[in-house]
Structures are given as C-alpha cells and as structure tokens.
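Please look over the two chains shown below. A short report on their build follows.

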Amino acid sequence: MTRLAARDLTVKLGTRTALERVSAAVESGEFVGLIGPNGAGKTTLLRALAGLVAPEGGSVTLDVRPLTALGRRDRARRLGYLPQDGTIHWALPVAEVVLMGRLPHLGAWDRASDADRAIAASAMSALDIADLAERPATRLSGGEKARVLLARALAGAPEILLADEPVAGLDPYHRLEVMEHLAGLAETGTGVVVVLHDLALAARFCRRLVLLDKGRIAAEGSPAEVLTQERLAAVYRIEAVRGSHDGSDYVLPWRRV
Amino acid sequence: MSRGLFALLLVLLVAGFLASLALGPVAIDIRAALGAIFGDGPEALRLIILEIRLPRTILALAIGAALGIAGAALQGYLRNPLAEPGVVGVSAAGALGAVVVFYFGLVRVFPYALPLGGLLGAGIGVWLVYALAGRGGSTATLILAGVAVNALAGALTALALSLAPSPYATLEIIHWMLGGLTDRSMTHVWLALPFILAGAVLLATLARGLDALTLGEDAAQSMGVSLAGLRLRLVLGTALAVGASTAVAGVIGFVGLVVPHLLRGRVGYRPGALLVASALGGATLTLLADLAARLIVTDREINLGVLTALIGAPFFLALVLQARRSEP
C-alpha cells in the first residue's frame with residue numbers, strides 16, 4: 001500500500017501564488033480526477049506531487065517519508081509523471097521512446113535488458129500502438145503521440161501515476177480507451193491521478209474528484225458530490241445537462257452562466 | 001552505438017592518423033614514420049615526425065574529438081541540431097580567453113595560463129548561450145544567442161588586435177581568429193590534451209540524461225535526471241574540451257555541427273549514443289581536413305579553421321533552411 005500525500009501545500013510561481021494550503025492524497029488502487037478551470041493550479045499540484053516544484057510551504061510525502069528525503073532514482077521508480085503536451089525532440093523510433101520509461105530502473109551504465117524490452121512492448125500493445133514501433137516519433141499524429149508518451153510512463157511500472165491531461169487531443173474512441181486503461185491500472189493496484197478537462201469522462205471513470213479553483217480546493221469527493229449544479233456554476237461558470245445511462249450518471253456541459 | 005558503426009569509425013580514424021603522419025610536403029613511408037616515433041631512422045626523419053607531424057596529428061585528433069562531442073552534447077542539451085561550439089560562439093569566447101592571456105603576457109609567467117584562459121572564456125560562452133537560449137528555446141533564439149556571443153567575443157578580440165603592440169602579436173591573434181594547427185609543438189599537446197580528455201570524459205557521462213531530455217525537462221526530471229547536475233557537467237565539460245582546443249588551435253568551426261548531423265541517423269537518433277560516435281567522427285574529419293589544408297595549396301597552407309568554415313558554412317545554411325521549413 002502506497003500513499004502519496006500533499007499537506008498544506010503552498011506554491012508560488014514567480015510572485016503569483018499558484019497553490020494555497022492545498023491538501024490532497026492518492027493511495028494504491030485509487031483513480032482520482034484532478035479537475036478545475038484553466039489556471040486553477042491543476043498542473044502545479046500535479047508537478048508538486050511529482051516533486052518537480054519546490055513548495056513555499058507544506059510538504060509532499062510518499063508513505064511517511066517526505067519526497068525531498070527520497071533519492072532521485074528511488075522517487076523516479078515509484079512515481080510516474082506524464083507532462084502535458086509532451087514533445088519528442090528527436091526522430092527516435094517509437095519503441096525507443098517507450099523504452100525510455102525504463103530509465104529509472106537501469107543502473108548508470110546498464111543497457112535495457114530483454115525484460116525491459118518486454119515490459120515496453122506490453123505497454124505499447126496495451127495502448128494499441130504496437131504497429132508504430134519503428135515509426136520516427138516526430139512523425140506521429142497528436143493522438144498517436146499522446147498514447148506513445150502514456151506508454152512511456154506506463155513502462156516505468158510506477159506505484160503512483162500522475163498524468164497531466166492524457167486524453168487531450170484524442171478522438172472519442174481513444175479517449176475511452178485511455179480512460180479504460182487507466183481505470184484498469186487502478187484496479188490492479190496502481191494509484192492514478194489524472195488532470196482532466198472533460199467533465200463527462202471525469203464523472204464516468206474517476207472514483208474520486210478533486211476540484212481546484214484559484215489555487216485552492218473547492219470540493220473533493222465522489223463525482224456526484226463534487227459536480228453539483230451550484231458548484232459548476234460557481235467554479236466553471238457553466239450549466240450542465242445530467243442524466244443516467246446504463247446505471248451510471250453523466251454530466252454534459254451545456255451553456256455558460 | 002552499434003558495434004559495426006564503432007568499428008567503421010575506428011578504422012577511419014586509424015587510417016586518418018596514419019595518413020596524417022605520412023603525407024605532407026614530403027611523403028614518408030608509413031612504416032618509417034611509425035619507426036621514427038619509437039626513435040628509429042635518420043635524424044631528419046625523426047625531426048619531421050616527432051617535432052612537426054606527430055604533435056599536429058595528435059592535436060587534430062584530440063581537437064576534432066573535443067569539437068565533435070561538444071557539438072553533440074550541446075545539441076542534445078539544447079534539443080536543437082544547429083547548436084555547435086563555433087556557431088553559438090563558445091569557440092570564439094574560448095579564443096578570446098586565450099587572446100586575453102596572450103595580450104597581457106600571462107603565458108610567460110605561467111604556461112598553463114593559455115588553456116586556462118581558453119577554458120574560462122569558453123565556460124563564460126556556454127553559460128551565456130544557456131542563459132539566452134536554454135530550456136528548449138526555438139532555433140531563432142539559439143541563433144540569436146550565437147550571434148550575440150560571437151559578436152561580443154569578436155569585438156573584444158578585434159579590440160586586442162587593434163591595440164596589439166607588435167606585428168608579431170598581431171599575427172598571433174589572427175592565428176586564433178582563423179584557427180589552425182601550423183607550427184604546433186609537443187608543448188601545445190601537453191598544454192591542451194589533459195583538459196580535452198577531462199572534458200570529453202565529462203561530456204560522455206551526459207548520455208543517459210540527454211536521452212531522457214528528448215522528452216522535455218519535466219519528464220527527464222521525473223525519470224530521475226538531475227537537471228542542475230546535467231547542466232553543470234555540460235558547461236564544465238564543454239569549457240574544458242572546447243576551451244583547451246581553441247587555446248592552442250583557435251576557432252575551428254562547424255566540426256561539431258557537421259559530424260553529429262552525419263551520424264545522428266546511424267545511432268537511431270539517440271542523443272546519448274551520438275556523443276562517443278561524434279567524438280570519433282570529429283577526430284577523423286578534423287584529421288582529414290587538416291591533411292587537406294596541408295596538401296591543397298602547395299607553396300602556402302590554408303588555415304584549418306578557414307577550410308572547415310568553407311565546408312561548414314554552406315552546410316549550416318542548408319540546415320537552417322531545413323529547420324525553417326519544419327518550424328511553423
């Protein structure tokens with residue numbers, strides 16, 4: 001059982017306070033959606049959870065140890081992080097990009113072993129990109145690239161996966177595929193935090209939502225508890241259509257208020 | 001890097017090394033040349049080999065390797081195929097460091113002041129380029145940073161030139177600006193080689209980090225790469241390798257641009273694998289270019305730096321056009 005927790009986190013970016021006394025946590029097997037309007041601090045919170053920004057106040061702990069007390073490699077093995085709008089700078093074959101996910105598990109002068117290659121290959125077939133293995137990574141469509149980068153993060157087999165908008169730019173089929181895959185990952189014990197703009201997907205797949213607004217937590221709980229009409233109006237300034245289908249509730253943003 | 005490519009580069013390098021010993025105004029049999037290194041053969045032959053061709057050959061090899069690996073490292077770190085010690089001004093800054101040391105007569109006080117001056121100049125140069133164009137900046141930013149650093153170093157070198165106290169001093173300063181290996185002795189080899197070696201080894205340790213940087217700074221950091229450590233090793237390694245090179249040979253541009261470009265596809269586009277390959281390729285290319293500089297015109301020599309610029313500049317132009325097409 002692993003638990004990644006932020007407590008009373010305050011983060012400043014330049015002079016702007018991006019997060020103010022935010023507490024949030026994720027445990028093994030949980031699927032948490034991090035939602036909120038543009039500029040609410042979702043990416044900053046995710047980066048802080050990954051140990052990529054030094055907080056002004058508060059702390060991030062993995063189990064009981066502060067993230068800062070963990071070795072870089074140890075942290076890299078246990079926490080996976082998928083940045084938003086990832087770019088791939090060189091024309092490496094897709095298989096090599098995915099294999100990079102194994103870096104935290106390799107010693108300084110080790111080469112990737114057959115086992116590493118097998119793990120990378122299974123991450124690729126799980127995301128339906130096995131046939132892209134030899135394609136130069138600079139010649140991918142937006143959707144293909146998003147899946148390649150997610151496969152890279154999965155290849156690291158982290159205990160906790162932090163994904164920043166993994167479905168941005170994907171068509172509906174692949175959005176559902178990625179969300180189903182992440183949900184499956186959570187079911188097999190990985191803790192998953194996803195930043196999402198798509199409220200319908202968030203409501204449908206995430207067990208728990210954390211709603212950020214202007215650097216603070218506006219609400220936290222099950223989708224039904226968080227995505228109330230009043231809160232959508234107050235935080236997102238929208239009105240949504242809701243209903244239920246196949247026994248689960250859905251939310252569809254409908255008009256501005 | 002695959003074994004085949006490594007073997008091929010090594011064979012080319014050895015061939016270039018032997019050709020550089022054997023060819024020149026006087027052609028010398030390779031076996032006789034090798035014998036002379038170990039003290040065999042007539043006095044005149046040993047003099048030519050040990051005093052003239054061997055130091056020149058060793059320097060061409062070491063400096064070419066330094067420029068090749070520094071070019072590959074800069075490109076990997078800045079994630080831009082146009083980064084190169086000459087283009088971004090690191091070489092010019094290194095040459096300026098050496099010129100300053102020379103101008104104030106520090107060499108007479110302490111011979112190692114020369115490579116140290118080059119090292120300091122090159123170090124400041126890399127740091128400026130990083131400050132102006134780091135963090136995966138666009139090609140335009142990188143080129144502008146290079147223009148700025150080159151202009152600054154060039155202006156200060158020209159100032160030293162215009163204030164030069166004697167025609168001899170003028171000639172020496174021009175040598176650094178044009179770049180070349182004429183009249184270099186074993187003293188120069190001992191001055192430069194330890195620094196170049198240390199720098200190249202330091203740059204070779206960047207491989208893993210540069211691979212990870214392919215996915216951007218956040219992803220690299222999340223995979224356990226220390227960005228601060230990587231940057232420090234890059235700046236130090238480049239300063240050591242390029243600074244010591246320019247201190248003895250002046251500005252030899254474009255080697256670090258052309259070589260990684262030619263080899264990138266052959267190492268599967270991995271920036272880490274490109275490092276050692278570019279060191280080998282850079283050494284070979286510089287040996288061959290120096291040989292050409294010696295042999296093309298018979299009564300006078302072309303400066304090596306001039307020759308590499310003549311070949312490299314059109315190559316650079318083509319790359320800029322290519323980059324402009326791929327950037328929206």
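Val98(A) touches Ala120(A), Ala123(A), Met124(A), Val148(A), Ala151(A), Arg152(A) and Ala155(A), leaving aside residues up to four places away in sequence. Here two residues are in contact if their C-beta atoms, placed from the backbone, lie within 7 Å. In the largest nonpolar core, of 190 residues, Val98(A), Ala66(B) and Ile69(B) touch the most other members. A nonpolar core is a set of buried Ala, Val, Leu, Ile, Met, Phe, Trp, Tyr and Cys residues joined through C-beta atoms within 7 Å. Buried residues have 20 or more other C-beta atoms within 10 Å of their own, exposed ones have 12 or fewer, and partly exposed ones fall in between; the C-beta atoms are placed from the backbone. Helix H3 (residues 43-78) of chain B gives the most to this core, with 15 residues. Another core, of seven residues, lies apart from it, and includes Ala33(B), Ala36(B), Ile48(B) and Ile49(B). In soluble globular proteins, nonpolar side chains tend to be buried together.

This is a predicted model, in which local features need pLDDT of at least 70, side-chain atom pairs count only at pLDDT 80 or more, and totals for chains, interfaces and linings use all residues. Residues are numbered from 1 along each chain as its sequence is written, while chains are lettered from A and ligands numbered from 1 in the order in which they are written.

**The two chains**

| Item | Chain A | Chain B |
|---|---|---|
| Secondary structure | nine helices, 12 strands | 15 helices, zero strands |
| C-alpha span along principal axes | about 55 × 40 × 35 Å | about 65 × 50 × 35 Å |
| Buried residues | 46% of 257 residues | 55% of 328 residues |

Helices (H or I, at least four residues) and strands (E, at least two) are DSSP runs, numbered from the N terminus. Chain B has 15 helices and zero strands. Its radius of gyration is 19 Å, close to the 20 Å that the globule rule gives for 328 residues, so chain B is as compact as a globular protein of that length. The radius is taken over C-alpha atoms, and the rule is 2.2 Å times the number of residues to the power 0.38. For chain A, with 257 residues, the radius is 18 Å, which agrees with the value near 18 Å of a compact globule.

In chain A, 65% of them join residues at least 24 apart. In chain B, the share is 79%.

**The sheet of chain A**

Six strands of chain A form an open sheet with mixed pairing, in the order E6-E7-E8-E3-E9-E10. Two strands pair if DSSP finds at least two bridges between them. Strand E6 (79-82) and strand E10 (216-221) of chain A stand at the edges with a single partner strand each, so one side of each has no neighbour in the sheet. From one strand to the next, the twist averages 15°. Angles run from 0 to 180 degrees between N-to-C directions, and axes are lines fitted to C-alpha atoms, for helices over the stretch in contact.

What covers the sheet? Helix H1 (residues 42-49) of chain A lies across strand E3 (31-35), E7, E8 and strand E9 (208-213) of chain A, at about 150° to E8(A). Helix H5 (residues 142-155) of chain A packs on the sheet too, touching E6 and E7 of chain A, and its direction makes about 170° with that of E6(A).Strand E7 (residues 160-164) and strand E8 (residues 191-195) of chain A run parallel, joined by five bridges. Ile160(A) has Gly191(A) as its bridge partner in E8(A). Four bridges join E6(A) to E7(A), also a parallel pair. Leu82(A) stands opposite Ala163(A) in E7(A). Five of the five residues of E7(A) are buried. Ile160(A), Leu162(A) and Asp164(A) point one way from E7(A), and Leu161(A) and Ala163(A) point the other way.

**Two loop residues**

Glu165(A) is in the loop between E7 and helix H6 (172-187) of chain A. Its phi is positive, about 50°, although Glu165(A) is not a glycine. Glu165(A) counts as buried because it has 21 C-beta neighbours inside 10 Å. Lys214(A) is in the loop between E9 and E10 of chain A. Lys214(A) also has a positive phi, near 50°. With 15 other C-beta atoms within 10 Å, Lys214(A) is partly exposed.

**Where the chains meet**

The contact takes 22 residues from chain A and 18 residues from chain B. On the chain B side, helix H10 (207-213) and helix H11 (217-222) are the elements that give two or more residues. H11(B) gives the most to that side, with four residues.
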